[in-house]
Amino acid sequence: EMGVYQVKATGSEGSLGISTKVLKNHEPVSSWGPLAWLVGLAMVALTGWVGREKITNRCKWDVQGWRDNGRNRDEEEDDDIGPIQRALLAAEQRTTDLEDLEEPKTREPSTLSARGSTAKPAGIFESARSAPSQSQRQIQSPSRRSMRPERNSANRLESLDTFRGFSLALMIFVNSGGGEYWWLQHSAWNGLTVADLLFPWFVWIMGVSMAFSFQARREQRQTAVQMLRRALVRGFTLICIGLFLNNGHHMYRWRLLGVLQYFGVSYMWVAVVVVATGSWNGEAARAVAEAEERATTAGDEPALFADLFPHWREWFWIATAPALWLSLTFLVEVPGCPTGYLGPGGWAEHGTHFNCTGGSHKYIDETLFDETHHYQTPTSMPVYNSGTYDPEGVVGMLNAVLLTYLGLIIGRVFLVHKSETARRWRLFTWGVVLCLLGGILCGFSMNDGVIPVNKNLWSTSFVLVCGGGGCWVLLLFYDVVDCRKAWTGAPFKAVGQNSITVYCGSEIFEGYFPFSFATYRHDHAGTLYSNFLGMSLWVYIAAEMSKRGIFIKI
């Protein structure tokens, strides 16, 4: 049976206590479990299907350096445009080409010279003539740029990229060791530190970005099937990347849960709800579009809840996720443990609940995946001598859906309300409301509330506090970067624009010099330098990618 045994070696000057974890007595191959095999087979099948669907077109390399070869970036192929629209564009382009060939016969010399002075470099198929200017191109035909929003559109929030990059850079620093500062270490169990906020903020920021991506796809006139397909492919791609980063070389101890798995599942849940309820392109979308139009053209401020109430059809299906978290946490009976137990187990409570770490959360994970597929060194182990526990477990994933949706609500604030003052007040108010609700649930204390703030459990109070704090931090970045223009967001904005590349790279090269290196034990200065250098290198790489116009997205 699994247990913890104390082995004490006595010496002449004292004793040394060693805690040894003894796993179940069986061969490693017998702990594989059927679910690990199913996941492996699913990955193989998904890889073949993704290859057939040309997933490389989803990971778009937006390389501005192509301009040196004369390629016009405005005419880039876009798989999101349907076949009928593509055929119409091709016919219009052929008509435009014929008009351009005949046009010099009647055009005045001054017009020709003006046109040549303002044209972009000729493209690959336009070497024999001058390319029309941007204004002429818009008059002649509706180019792809008119059918889809630009990357650097006026609606793009520079502060959001900055916030994302800031969170990711600090996350890399924390994962490297955090300079051994206590406030940059994860909480042992209950409580909240800066390190606990970074990953949840990233999930929340993904929700904010979803509001803008949904609007862009609506402007592209995508169908519901196209939207669902894109959401599922993106979600499963994130899950597969997360499994890859967990390194399944030894399948009998391959961790099946993790950070990107949370991103993938929460993204798919929210995206499917938005599309299925019609909020993306139905009555709710039309109501929001009308409010946005009035705010843009007439300057009329939309109604107080114009960004919230039109989407009421989503609320039930989103609320299902936190409701399931509450049910699984407080109603599932765990053998040998109190129902609804939320403690760290181990030596906590004088060891009375030694094998009950996380209550039903760990029990459900062990039932689904077996203990060997968990995170092996949780933050509770050094303090409470608890067993293995995965802080990104199945039950906690449900509250990640709630946090993603809270971000989506804030993203819609920016779409509906155009006044900087209105945006500021709503960000501040949402921050107050969410933090207040989280404080009520935890009793404004660390351990005495009904639902304590706990990252290991992804408790409801923890998610609400993270969402409220995200509102306030985004408010700060929005005021400084987008409103006052006092800061361009550099260098963190570049990190936010290539977040998936920087995160995956930092995980893969974590144990390689110069991204990390070991120093003498208890060498605070050396550890701090190593952690800071690793973070700085990835910030530099992201800045160079941005400088060269390379943006890798999924």
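Reply: Helices (H or I, at least four residues) and strands (E, at least two) are DSSP runs, numbered from the N terminus. The model is predicted: local features need pLDDT of at least 70, side-chain atom pairs need pLDDT 80 or more, and totals for chains, interfaces and linings use all residues. Residues are numbered from 1 along each chain as its sequence is written, and side-chain values use heavy atoms, without hydrogens or water.

Start with the loop between H16 and H17. Pro491 sits in it. The bond from Ala490 to Pro491 is cis, with omega about 0°. Lys485 belongs to the loop between H16 and H17 as well. Its phi is positive, near 55°, and Lys485 is not a glycine. Most residues other than glycine have a negative phi, and most peptide bonds are trans.

H16 spans residues 460–483, and H17 spans 492–497. H16 holds Phe477. Phe477 pairs with Phe163 (ring centres within 6.5 Å, taking the six-membered ring of Trp). The centres are 5.7 Å apart and the planes 25°. The pair therefore counts as stacked (under 30 degrees; over 60 is edge-to-face, the rest tilted). Phe163 lies in helix H6, 314 residues from Phe477, and the pair links distant parts of the chain.

Phe163, Phe166, Trp201, Trp204, Phe477, Trp487 and Phe492 make up one aromatic cluster. Across the whole structure, 27 aromatic pairs are found.

Phe513 and Pro514 are joined by a cis bond, omega near 10°. Pro514 lies in the loop between H18 and helix H19 (524–547). Glu349, also not a glycine, has a positive phi of about 50°. Glu349 sits in the loop between helix H11 (315–330) and helix H12 (360–369). At 36% relative accessibility, Glu349 is partly exposed.

H6 leads on to the second largest pocket. A pocket is an open set of points on a 1 Å grid over the protein atoms alone where a 1.4 Å probe fits, with protein on both sides within 12 Å along at least five of seven lines; lining residues have an atom within 4 Å of a point. Here the lining has 34 residues, with Asn175, Arg255, Val259, Tyr375 and Glu507 nearest the centre. Helices H6 (158–176), H7 (194–219), H8 (224–245), H9 (259–276) and H18 (499–508) each give two or more residues. H7 supplies the largest share, four. The lining has 15 nonpolar, 13 polar and six charged residues (nonpolar: Ala, Val, Leu, Ile, Met, Phe, Trp, Tyr, Cys, Pro; charged: Asp, Glu, Lys, Arg; polar: the others, Gly among them).

H8 also holds Met227. Met227 is buried, at 2% relative accessible area. Its C-alpha is 8.6 Å from that of Phe214, 13 residues away along the chain.

Finally, the whole. The protein has 19 helices and two strands. Of its 554 residues, 47% count as buried.

Methods. Buried means under 20% relative accessible area, exposed over 50%, partly exposed in between (1.4 Å probe, protein chains only).
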